[in-house]
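Open your viewer and get ready to select along with me. We will go from one stop to the next, and at each one I will say what to look for.

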Amino acid sequence: MLHSQPAQPARVMVVEDDSATRLLFCKAIEAESSLHLSASCGNVAEALAWLSANECDLLLTDLGLPDGSGLAVIEACRGWHPQANIMVTTSSSDEEQVLACIEAGASGYVLKDSGYLDVVHALLEVHHGGSPISPVIARKVLIRMRKPLLERRAHSEERQLQRLTRRETAILELIARGSSYAKVADALKLSIGTVQTHIKHIYGKLSVHSRGEVVFEARRRGLLTGDRAANLAPVGPGVVKPD
C-alpha cells in the first residue's frame, strides 16, 4: 500500500534591513510548521549572493534597503527561481512602486502595519496561489487601472463628437427640441429623405437607435448648446426608420 509523503515546508527567504523587524518576521515564520526559514538578509548584496547559490519557495522582501531597492531582489529571484512566489512587505503605499513590484513578479503586497501574524498568513496565501494585497494598496491599483479606461472612453467620445458635421449638429439640435422631420426639412431647406439620411448617420456615430436615445446621449455628451438644452421639452423614444 502506497503512502503519500507529507508536504515539505515551504522554504522562505526574508530580506529586511531593520534587524528588529527582521527578527520578528523570522520568529513568526519559524512558529509556522508549514514554513521553513531558509535565510534572512539585511541588504541587496547579501540577498543576491544567497539567491545565486540557493533555492527558495517564497521570498519576503522589503523595498527600501540600504544598498539599493528590493526590486533588484525581486527581479533576481524571478530570473533564477521562476517557480518561487514573491511577496513585498513595506511601509510604502506609493502606487508607482506597487505597480513596479507587480510587473517585476511580486504576487502580494502587504504594508508593515498589517501586523506580523498577518504577514505569515499572507505568505501562506501566496504559497497556495493567492495574491494578498493590503486594502489601501488594492484601492490605489484599482484606481490606477480604471484611469486609462476612463481616459480612452472620453477620448473615443470626443472623436465621435468631432466627426459630427455642422449639418448633423443643426439637425440634432432641432430633433432635440421636438421638431418633426418635416419641420427640420423646412427649417434647413432640405428634403425629408435627406434629413432621414443625416439622422441615420447621427445614430451611427452616437451608437443609438431611437429619437429618445439620441437626445439622451447628446445631452450626456454635452453636444447640445447650453441655452437650448436647458429648455428642451421631453421627447418620446420613437424609433426613426431612415430610408
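**First stop: a helix pair**

Helices H3 and H4 are roughly parallel to each other, because angles under 35 degrees count as roughly parallel, over 145 as roughly antiparallel, 65 to 115 as roughly perpendicular and the rest as oblique. Before you select them, note that this is a predicted model, in which local features need pLDDT of at least 70, side-chain atom pairs count only at pLDDT 80 or more, and totals for chains, interfaces and linings use all residues. Residues are numbered from 1 along each chain as its sequence is written, and side-chain values use heavy atoms, with hydrogens and water left out.

Helices (H or I, at least four residues) and strands (E, at least two) are DSSP runs, numbered from the N terminus. Select residues 70-80 for H3 and residues 95-104 for H4. Their packing angle is about 15°, and the axes are 9 Å apart; axes are lines fitted to C-alpha atoms, for helices over the stretch in contact, and angles run from 0 to 180 degrees between N-to-C directions. Now show side chains: Leu71, Ile74, Glu75 and Arg78 of H3 meet Ala100, Cys101 and Ala104 of H4, where contact means heavy atoms within 4.5 Å.

Stay on H4 and pick out its buried residues, Val98, Leu99, Cys101 and Ala104. Buried means under 20% relative accessible area, exposed over 50%, partly exposed in between (1.4 Å probe, protein chains only). Just after H4, click on Gly105, which has a positive phi of about 130°.

**Second stop: the sheet**

Which strands does H3 lie across? Select E1, E3 (58-61) and E6 (85-90): H3 lies across these and runs at about 170° to E3.

Next, colour the whole open sheet, whose 5 strands follow the order E2-E1-E3-E6-E7 with parallel pairing. Two strands pair if DSSP finds at least two bridges between them. At the edges you will find E2 (35-41) and E7 (108-111), each pairing on one side only. On average, neighbouring strands here are turned by 20° against each other, direction ignored.

Zoom in on E1 (residues 10-15), which pairs with E2 in the parallel sense over 6 bridges. For one of these partners, select Val15 and look across to Cys41 in E2.

**Last stop: a histidine**

Finally, select His198 in helix H9 (residues 192-206). Is His198 buried or exposed? His198 counts as buried because its relative accessibility is 18%. Leaving aside neighbours within four places in sequence, show what His198 contacts: Arg167, Glu168, Ile171 and Leu190.
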